[in-house]
Amino acid sequence: MAPPQGPRAPLEFGGPLGAAALLLLLPATMFHLLLAARSGPARLLSPPASLPGLEALWSPRALLLWLAWLGLQAALYLLPARKVAEGQELKDKSRLRYPINGFQALVLTALLVGLGVSAGLPLAALPEMLLPLAFVATLTAFIFSLFLYMKAQVAPVSALAPGGNSGNPIYDFFLGRELNPRICFFDFKYFCELRPGLIGWVLINLALLVKEAELRGSPSLAMWLVNGFQLLYVGDALWHEEAILTTMDITHDGFGFMLAFGDIAWVPFTYSLQAQFLLRHPQPLGLPMASAICLINAIGYYIFRGANSQKNTFRKNPSDPRVAGLETISTATGRKLLVSGWWGMVRHPNYLGDLIMALAWSLPCGVSHLLPYFYLLYFTALLVHREARDERQCLQKYGLAWQEYCRRVPYRIMPYIY
Ligand SMILES: NC(=O)C1=CN([C@@H]2O[C@H](COP(=O)(O)OP(=O)(O)OC[C@H]3O[C@@H](n4cnc5c(N)ncnc54)[C@H](OP(=O)(O)O)[C@@H]3O)[C@@H](O)[C@H]2O)C=CC1
Ligand SMILES: CC(C)=CCC[C@@H](C)[C@H]1CC=C2C3=C(CC[C@@]21C)[C@@]1(C)CC[C@H](O)C(C)(C)[C@@H]1CC3
């Protein structure tokens, strides 16, 4: 049985009190956003006019649909994969193996939904079920995190995450104790991070587009843009699925409530906020403005993809001709740090690209309401906090070499600003 590691790792997110507050605050924020998007005034900062009763939240049909969705995505995960990739080296020097079939899961889901719709499946009914679906997703996240917490009790110490093992049950439940909880080949964190939530997000967007067509004769240009941009983002994540194996979530963070709730509830129900808003608050959008917004999204995507691919290529094989000419700094660990190319511009160019895309996703919703800009505001806070966590870890890992990198590349995310 795994003993608590003791307070060796510094506590994050404000320690046990912060974790307890976030346990309540995150679901409350998600329900607030869902209610605000369907209300007339659509105010981000005012409390909802009335709270929904249990009958609006609980629906056996929503529960069945949700379980069927999780079951379908789990079945697609278990299908033969075009490739099996190895993760980063673990504490015990082993490497886990991961199926690379996320894009295949997206395409097969699209085919199944297409078949379902042509057989009479009422996709336009989904927007009416968002509240009960979000409720069962939240319940699932709580129950699942409890299971993960118990499972970590019997995990070997080498399988535990660097944080999330303080001995305080609330903090550890929130952060997650085990790094890569799995049953046989089924890796829970890897599955949740890319499948039910991300694919669910674009399915909800599509249902909102179909519903808008039903209400107004055709989907609006703004709805097309939001759907197109976010489908590109999700398709890109699944196409480059292997790249997730080097992200902080997989290599450093335990799997607890924060990621479980984030992956399966927060992502589909809050990241679809712009489309939810547009369904009830149509916005006029002319071609010149739409073209400018497409350009902003393209610039953001270009930076995001360029930076992420450059780092992944370099980490996989530093002598790859695409990165071999870039300037680097050597570190005591034997790994090098890029100091030219995208990673010589700022220390997190991928965050900059992601933030520019976030802006492009909100602009089609006009400027009359703050609500559709929630994602941009939340995401800025998340990435600033994430950047600080990553810097701390890199300073610990690379010491003087990291300090030298910070001297050579002084800005974190936005050149000359931050
Ligand atoms: N849409 C969403 O909700 C979210 C999206 N994201 C996106 O996920 C993507 C991944 O982000 P994240 O996992 O936070 O972090 P990164 O992909 O930025 O990875 C950070 C790691 O990269 C390595 N690194 C840092 N600097 C250099 C350098 N100069 N040269 C080579 N390697 C370097 C270090 O790890 P090492 O040296 O060990 O390789 C560091 O720990 C980003 O594009 C981000 O925008 C993230 C969170 C939420
Ligand atoms: C507020 C809250 C509940 C926080 C939990 C944070 C999670 C929602 C995010 C942490 C890291 C994420 C990543 C993506 C989605 C959001 C979460 C889970 C990601 C899968 C989105 C698509 C990208 O291309 C990505 C693969 C780089 C990215 C990885 C990190």
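Me: Axes are lines fitted to C-alpha atoms, for helices over the stretch in contact, and angles run from 0 to 180 degrees between N-to-C directions. Why are α4 and α9 called oblique to each other?

Reply: This is a predicted model, in which local features need pLDDT of at least 70 and side-chain atom pairs count only at pLDDT 80 or more, while totals for chains, interfaces and linings use all residues. Residues are numbered from 1 along each chain as its sequence is written, and chains are lettered from A and ligands numbered from 1 in the order in which they are written. Helix α4 (residues 102-118) packs against α9 at an angle of about 135°, their axes being 7 Å apart. Angles under 35 degrees count as roughly parallel, over 145 as roughly antiparallel, 65 to 115 as roughly perpendicular and the rest as oblique. The pair α4 and α9 is therefore oblique.

Me: Which residues of α4 and α9 meet?

Reply: On α4 they are G102, F103 and L106, and on α9 they are G235, L238 and W239; contact requires C-beta atoms, placed from the backbone, within 7 Å. Four of the residues in this contact are nonpolar, two are polar and none is charged. Here Ala, Val, Leu, Ile, Met, Phe, Trp, Tyr, Cys and Pro count as nonpolar, Asp, Glu, Lys and Arg as charged, and the others, Gly among them, as polar.

Me: What makes α5 and α11 roughly antiparallel to each other?

Reply: The axes of helix α5 (residues 130-153) and α11 cross at roughly 165° and come within 8 Å. That angle falls in the antiparallel range, so the two helices are described as roughly antiparallel. Their crossing is right-handed. From α5, residues including A134, T138, A141 and L148 take part, and they meet F257, A260, F261, I264, A265 and F269 of α11. This contact holds twelve nonpolar and three polar residues, with no charged ones.

Me: Why is α1 called roughly parallel to α12?

Reply: The axes of α1 and α12 cross at roughly 25° and come within 8 Å. Such an angle makes α1 roughly parallel to α12. The residues in contact are L33, A37 and R38 of α1, together with L273, Q276, F277 and R280 of α12. By class they are four nonpolar, one polar and two charged.

Me: How do you know that ligand 1 lies between domain 1 and domain 2?

Reply: The domain assignment gives domain 1 (19-37 + 56-89 + 97-282) and domain 2 (287-418). Both domains give residues to the shell around ligand 1, so the ligand lies between them. Of the 21 residues around ligand 1, the nearest are T247, L338, W343, N350 and D354. Two or more residues each come from α13 (287-316), β6 (336-338), α14 (349-362) and α15 (374-398). The shell of ligand 1 divides into nine nonpolar, six polar and six charged residues. A residue is placed near a molecule if its C-beta atom, placed from the backbone, lies within 6 Å of it.

Me: Which element gives the most to the shell around ligand 2?

Reply: That element is α11, with six residues. In total 15 residues surround ligand 2, and A237, I244, D249, G262 and W266 are the closest. The elements giving two or more residues to this shell are α7 (188-194), α9 (221-239) and α11 (257-270). Nine residues around ligand 2 are nonpolar, two are polar and four are charged. Helices (H or I, at least four residues) and strands (E, at least two) are DSSP runs, numbered from the N terminus.

Note on methods: Domain bounds come from an automatic or database domain assignment. A crossing is left-handed if the near helix is turned anticlockwise from the far one by less than a right angle, and right-handed if clockwise. Two residues are in contact if their C-beta atoms, placed from the backbone, lie within 7 Å.
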